[in-house]
Amino acid sequence: MRVLVTGGAGYIGSHTTLALLEQGHEVLVVDDLSNSSPESLRRVGELAGREPGFVEANVRDEQALDAAFASFRPEAVIHFAGWKAVGESTQIPLTYYRENLGSTFTLLEAMGRHDCHTIVFSSSATVYGELSEPPFREDAPTGATNPYGRTKHMVEQVLADVSASDPELRVGVLRYFNPIGAHASGRIGEDPKGIPNNLLPFVAQVATGRREKLMVFGDDYPTPDGTGTRDYIHVVDLAAGHLAALDYLGSHDGHHVWNLGTGRPASVLEIVKAYQEASGVAIPYEVVARRPGDVASSFADPSLAEQELGWRAERSIADACADTFRWQSENPNGFAGA
Ligand code: NAD
Ligand code: WQD
């Protein structure tokens, strides 16, 4: 199948592009490199034995998108492109609305003009917020508590409305829980700019000495050890979930929502311990105040994806820590050192 992948040079997009190539699909990546490096795609090409096509453009660029659709004629789109830092989204909300909503509008319109009727969208478990208790099922109430989350929630609504208006359109909304890990080769992985916002990249930089210690945001949550619990899912499992969704949409009409998670919550201290074991390095940490906006616990009920897609997460947190450690030690400056 010919698959146009927006944001394919990024963390999850690069792992998914590799999985698509490995399964024999043709891939064209559209990415403006605002949060990624072309080196990730070069390495994806090296691992797969063939390069994905690449157009450096913003997905909001209608002309660039039209040219890409006209020449590549994609049968499906996976839409990863988006800005994703919760804290930053409260500082520059307009940028988040412009990029995350605008790119989706331009993309859906281009799909309409070019006879492409299948889209898989990167949504987030953040849409469950604190509206109900985990494990979250796809039919749990959704909303958002920050501009980033609102863009995901709004795009989900846009996709539902457009799908209702167009019986030909096939939509797969994937709600990711907490993606971690890297490809087992150590060649591609998460390469955050500046100070990492997320737990595992931060822990990984403490282990290599780039950061002094981890700040644990609160140990007074109603969880087994008092630290927040999350559903950490290996990025290679997550990538496989996209292929399963595309496969399903090949033979099913309509609009579908699936959680991609493991269903198993892990605490901050469990992650620290797992990373220490994987790396052999002690991770100094200090417990500080709760981070505003954090929930105590978030994890999936992943049974719908298992039933409908035949997909489930196979890799453990220990695997993810070992893979992140390999990626981080072999690429201490991420793709910049290449
Ligand atoms: P990432 O930043 O590594 O990848 C996003 C890619 O999109 C980058 O390569 C960036 O350059 C590109 N991009 C951003 N806006 C663009 C635009 N308008 N036009 C063209 N390219 C653009 O992020 P990621 O972690 O790989 O996340 C991928 C998607 O998954 C995002 O939509 C994100 O919101 C969503 N998501 C991520 C997580 C997570 O924790 N990583 C969790 C849930 C959902
Ligand atoms: C995980 C746990 C923190 C950093 C975010 C987004 C969400 C989704 C995934 C995109 C929490 C604790 C963290 C640190 C810590 N992204 N922590 N010290 O907040 O679950 O989700 O990323 O869609 O929308 O909100 O992930 O990795 O930031 O935090 O103690 O330095 O680690 O409090 O319990 P989160 P995270």
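User: Let's start with ligand 1. How many residues surround it, and which are the closest?

Analyst: In this predicted model, 27 residues surround ligand 1, and the closest are Asp-31, Asn-35, Ser-36, Phe-80 and Tyr-148.

User: Which backbone atoms lie by an oxygen atom of ligand 1?

Analyst: A backbone N or O atom of Gly-10 lies 3.2 Å from an oxygen atom of ligand 1, and for a backbone N or O atom of Ser-34 the distance to an oxygen atom of the ligand is 3.0 Å.

User: And what about the side chain of Tyr-148?

Analyst: An N or O atom in the side chain of Tyr-148 is 2.7 Å from an oxygen atom of ligand 1. Of the 810 Å² of accessible area that ligand 1 has on its own, the protein covers 95%.

User: How does the shell around ligand 1 look by class?

Analyst: The shell around ligand 1 has 12 nonpolar residues, 10 polar ones and five charged ones.

User: Switching to ligand 2, which residues are the closest there?

Analyst: Ligand 2 is surrounded by 18 residues, and the closest are Tyr-148, Leu-199, Met-215, Arg-230 and Asp-294.

User: Tyr-148 again, then. What is its distance to an oxygen atom of ligand 2?

Analyst: A polar side-chain atom of Tyr-148 lies 2.5 Å from an oxygen atom of ligand 2. An N or O atom in the side chain of Arg-230 is likewise 2.5 Å from an oxygen atom of ligand 2, while for the side chain of Asp-294 the corresponding distance is 2.6 Å. Taken alone, ligand 2 exposes 680 Å², and the protein buries 87% of that.

User: Where does the largest share of the shell around ligand 2 come from?

Analyst: It comes from strand 8 (residues 214–217), with four residues. By class, the shell around ligand 2 divides into nine nonpolar, six polar and three charged residues.

User: Back to helix 1. At roughly what angle do the axes of helix 1 and helix 8 cross?

Analyst: The axes of helix 1 and helix 8 (residues 235–249) come within 8 Å and cross at roughly 60°, which means that helix 1 is oblique to helix 8.

User: Is that crossing left-handed or right-handed?

Analyst: The crossing of helix 1 and helix 8 is right-handed.

Technical notes
Residues numbered from 1 in each chain as written. Chains lettered and ligands numbered in written order. Predicted model: local features only at pLDDT ≥ 70, side-chain atom pairs only at ≥ 80, totals over all residues. Heavy atoms only, no water. Near = heavy atom within 4 Å. Polar contact = N/O pair within 3.5 Å; in protein donor to acceptor, adjacent residues only side chain to side chain. Areas by Shrake-Rupley, 256 points an atom, 1.4 Å probe, with all protein chains shown as cover. Nonpolar A, V, L, I, M, F, W, Y, C, P; charged D, E, K, R; others polar. Helix = DSSP H or I, 4+ residues; strand = E, 2+ residues; numbered from the N terminus. Axes fitted to C-alpha atoms, helices over the stretch in contact; angles between N-to-C directions. Parallel < 35°, antiparallel > 145°, perpendicular 65-115°, else oblique. Left-handed = near helix turned anticlockwise from the far one by under 90°.
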